[in-house]
Amino acid sequence: MRKGLVDSMVLMHYDNAHEGAVEWWEGKVEDGWKVYISEVSLMERLKGVAGLSGSREAYLKAFRFRIQQMKKERKICRILPVTRDICRKARLLLEQYCKNFTPSPKRGRMEALICDMFIAATALKYDLILFTQNLKDFEWIDALNVEEADYEIQEEGEAP
Amino acid sequence: MSKGELLMTTDEKVELAQRIEGQLTGIIPSEWNKWCAYARRFGIKKAIQFAQIMQNSPSLRPGPKQSYRTISQVMGRFRKDLEKLSQDELAEVFGYVRRFLFARRGETHEERTRR
């Protein structure tokens, strides 16, 4: 059985009804992959809820429902927690990154990097292939098995 | 309430659309649009049956199959509510669902600024 962890961006694209992401994810499940996500990705997905103009409770309830549905239908095999081991590994990875690279000064870059390290550490802990659209964010980690989630995001130009 | 007897208010239509949209998991908007066109032409019952057939169709790719699986489950739950609506009201509710589906993208800041 092939097992993979999808990163936060792929989960966002799927949940946001991007055709390429839905097609990619469903194809993986149909091909017999066990797809995992990290608790960190769920938290990242909630970024922006505090800025919603409508009912935040309704939004959160709907999101929780969709995640439960994905678990029920085995689109998500398991949501992996952040354990002490994963925390330690993530910190070591971040140290390694800081020794060798200079993060972009863009706002939120360091925050996103910390989330990425938790996700990478989770994939390492459970020996999962990490699927991402941002290979360069992870490919410097020698022990990590990273593959590109190879789909395109097209903006349909939908007028609300 | 029977068709045309008592019209839903806009708020009620928006609320119904939000409840529907919130449950749409792994949906492709273009498949949703196709299904809506089918439902408006042939009615909700037949459209749900159509989605049930399509969800197992070997000729469809995994994405559209998932879309029809979701549609058949979710719209099955809302069938009674939707069957009470007139054609115009139905079109309006479907339109709101589509808008909410696309609004998800903006609301959740999905494109991280770093990328």
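Me: Where is B:Arg61 in chain B?
Reply: In this predicted model, B:Arg61 lies in the loop between α3 (44-54) and α4 (62-77) of chain B.

Me: Why is B:Arg61 classed as partly exposed?
Reply: Because 16 other C-beta atoms lie within 10 Å of B:Arg61, and a residue has to have 20 or more to be buried, or 12 or fewer to be exposed.

Me: How many residues apart in sequence are B:Arg61 and B:Arg77, and what about in space?
Reply: They are 16 residues apart in sequence, and their C-alpha atoms are 25 Å apart.

Me: Interface next. How many residues of chain A are in contact with chain B?
Reply: On chain A, 31 residues, which are in contact with 28 residues of chain B.

Me: Which helices of chain A each supply at least two residues of that side?
Reply: α1 (8-15), α2 (19-30), α4 (56-72) and α6 (109-126) of chain A.

Me: And how does that side divide into nonpolar, polar and charged?
Reply: Eleven residues are nonpolar, seven are polar and 13 are charged.

Me: What span does α6(A) reach?
Reply: From first to last C-alpha, its 18 residues reach 26 Å, close to the 26 Å expected.

Me: Which residues of α6(A) are buried?
Reply: Among them are A:Ala112, A:Cys115, A:Asp116 and the run from A:Met117 through A:Leu124. Just after α6(A), A:Asp127 has a positive phi of about 55°.

Me: Strands now. In what sense do β1 and β2 of chain A pair?
Reply: Parallel, over three bridges, with A:Gly4 opposite A:Val35 in β2(A).

Me: What joins β1(A) to β4 of chain A?
Reply: Three bridges, and these strands also run parallel. A:Val6 stands opposite A:Phe131 in β4(A).

Conventions: Residues are numbered from 1 along each chain as its sequence is written. Chains are lettered from A and ligands numbered from 1 in the order in which they are written. This is a predicted model: local features need pLDDT of at least 70, side-chain atom pairs count only at pLDDT 80 or more; totals for chains, interfaces and linings use all residues. Two residues are in contact if their C-beta atoms, placed from the backbone, lie within 7 Å. Helices (H or I, at least four residues) and strands (E, at least two) are DSSP runs, numbered from the N terminus. Ala, Val, Leu, Ile, Met, Phe, Trp, Tyr, Cys and Pro count as nonpolar, Asp, Glu, Lys and Arg as charged, and the others, Gly among them, as polar. The expected span of a helix is 1.5 Å times one less than its number of residues. Two strands pair if DSSP finds at least two bridges between them.
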